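Please read the numbered points with the sequence and the model at hand.

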Amino acid sequence: MDSLVADINECYGRVVRAVAGAVGRLDAAEDAVHEAVEAALRAPPRTIARADAWLYRVALRRARRSSWRRRLELPLRAVSSSTPGPSSDRVIALQLLDRLTDRQRSFVIARYYLDLSYEEIADTFGVSVGTTSATLSQALQRMRGVAEERKEAS
Amino acid sequence: MKGNFDPVMRTEDDVRRYLRSRLDVIPVRGRTAPRRRIALGSLALQILAATAVLVAATTLGFALRPRTEPLPSSGVASSATAAGPMSDIDLRGVRLSVPPGWVVSERDDVLNRRMRRIVAAAPRQGVALPTVGPDGTEQPWSGAADDLLVDLREGTGATLRLPLTDSPLPLRLGAGKRESLAGYDRWHLEFVLDGRPYTLVVYAGATAPATLRSAAEAVVGSIRPAR
């Protein structure tokens with residue numbers, strides 16, 4: 001348990017940034033990682049090869065779920081509150097990742113920001129290594145395309 | 001960040017550099033509690049629970065002030081004598097010194113998604129603690145006209161604006177933003193201690209004696225990291 005806490009503390013900031021990059025919002029990322037940490041401490045998983053990979057996957061799932069919930073709640077808030085509260089949302093702009101699918105963006109950040117291997121990504125997200133490789137390859141191709149377009153436009 | 005766009009993306013290392021240059025600069029706070037969400041189901045339960053508490057309290061003859069919580073006497077560090085040296089108190093990584101007779105309470109109140117009250121200090125027991133509404137806005141302080149309250153919170157309203165280095169000590173209350181509100185003055189000071197952002201809010205009733213205000217300045221000036 002102590003080593004799990006130490007591992008979580010060590011990777012916490014990195015995972016929050018990774019999730020923020022993947023979902024585009026720092027506040028959502030912070031909430032999701034907090035919840036994932038709480039879940040881990042409440043019921044520690046039996047085996048975690050890498051705490052950062054586990055936290056990243058769980059937090060991503062929670063962030064996306066809360067994103068859907070936020071969309072559903074928006075119309076309700078609009079009618080229930082005439083004066084909106086202060087917004088502290090932070091939007092993370094990663095233009096090169098804009099046109100990637102959710103899965104591609106998650107894998108790119110896992111591979112190139114968290115430095116997970118293909119095998120670790122496959123294990124973390126429950127896909128095959130071949131799928132990981134293909135997803136990353138397509139993502140890089142698309143990113144290069146975006147970079148080229150922007151280069152020509154500038 | 002839009003102006004920092006780097007079109008070079010030939011190798012995998014370029015991708016690494018791109019992501020690190022964008023993500024490593026994001027300031028991340030320490031681990032705190034997640035935002036409290038109020039779903040419709042839990043909102044209904046909360047209303048039911050609040051109604052039950054209200055009915056019970058009314059039945060027992062308690063006079064409840066809405067959205068106000070007094071500084072409790074339990075879990076409190078307090079000095080008993082009316083005269084004497086300041087007392088050092090360590091709470092939640094922060095050390096502060098209070099004059100004799102002051103009441104210091106360790107708190108764990110989530111005020112909004114970015115701030116958590118960790119310490120409240122006042123010259124006497126029973127001073128009202130300010131609260132925030134469900135939308136995160138701060139409610140008016142309901143302390144008496146001669147009350148005073150030092151309210152230390154973990155987190156700030158605008159983490160991105162804070163410097164990454166620790167704030168110079170001692171803190172000066174006068175460096176904070178002062179507002180004269182209905183019946184009281186409020187000072188608001190954001191600072192960084194041991195790399196963690198804090199917010200200090202001091203409330204002073206309109207007729208709070210000058211000696212109390214000076215004491216509050218001394219308390220603020222004594223804030224430093226716990227050993």
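1. Asp115(A) is found in the loop between H4 and helix H5 (118–125) of chain A. Helices (H or I, at least four residues) and strands (E, at least two) are DSSP runs, numbered from the N terminus. The phi angle of Asp115(A) is near 60°, a positive value in a residue other than glycine. With a relative accessible area of 35%, Asp115(A) is partly exposed; buried means under 20% relative accessible area, exposed over 50%, and partly exposed in between (1.4 Å probe, protein chains only).

2. A word on conventions is needed here. This is a predicted model, in which local features need pLDDT of at least 70 and side-chain atom pairs count only at pLDDT 80 or more, while totals for chains, interfaces and linings use all residues. Residues are numbered from 1 along each chain as its sequence is written, chains are lettered from A and ligands numbered from 1 in the order in which they are written, and side-chain values use heavy atoms, with hydrogens and water left out.

3. On the H5(A) side the contact is made by Tyr118(A), Glu119(A), Ile121(A) and Ala122(A), and on the H6(A) side by Val129(A), Thr132(A), Ser133(A) and Leu136(A), where contact means heavy atoms within 4.5 Å.

4. Helix H2 of chain A covers residues 26–42. This helix has 17 residues and reaches 24 Å from its first C-alpha to its last, close to the 24 Å expected at 1.5 Å a residue; the expected span is 1.5 Å times one less than the number of residues.

5. Over all chains the count comes to 22 salt bridges, each a side-chain nitrogen of Lys or Arg within 4 Å of a carboxyl oxygen of Asp or Glu. In one of them, the side chains of Glu149(A) and Arg99(A) meet at 2.7 Å, N to O. Glu149(A) lies in helix H6 (residues 129–153) and Arg99(A) in the loop between helix H3 (51–80) and helix H4 (102–112) of chain A, so the pair ties together parts that are 50 residues apart in sequence. Glu149(A) is partly exposed at 40% relative accessibility, and Arg99(A) is partly exposed at 46%. Chain A also holds a network of salt bridges that links Glu10(A), Arg14(A), Arg50(A), Asp52(A) and Glu120(A).

6. Which residue forms a salt bridge with Asp14(B)? The partner is Arg17(B), the closest N and O atoms being 2.7 Å apart. Both residues lie in helix H1 (residues 12–23) of chain B, three residues apart, about one turn of the helix. Asp14(B) is buried at 12% relative accessible area, whereas Arg17(B) is exposed at 53%. A further salt bridge in chain B joins Arg178(B) and Asp185(B) at 2.8 Å, N to O; Arg178(B) is partly exposed at 47% and Asp185(B) is buried at 10%.

7. Six aromatic pairs are counted over all chains. Rings of Phe, Tyr and Trp (its six-membered ring) pair if their centres lie within 6.5 Å; planes under 30 degrees apart count as stacked, over 60 as edge-to-face and the rest as tilted. Tyr184(B) and Tyr203(B) form a tilted pair, 6.0 Å centre to centre with 50° between the planes. Tyr184(B) lies in strand E10 (residues 184–193) and Tyr203(B) in strand E11 (residues 196–205) of chain B, so this pair ties together parts that are 19 residues apart in sequence. Phe191(B) and Tyr198(B) form a stacked pair, at 5.6 Å and 20°, and both residues are buried. In chain A, ring pairs link Tyr56(A), Phe107(A) and Phe125(A) into a cluster.

8. Chain B has three helices and 12 strands, and buried residues make up 42% of its 227 residues. A cis peptide bond joins Leu169(B) and Pro170(B), with omega about 0°. Pro170(B) lies in the loop between strand E8 (148–154) and strand E9 (177–181) of chain B.
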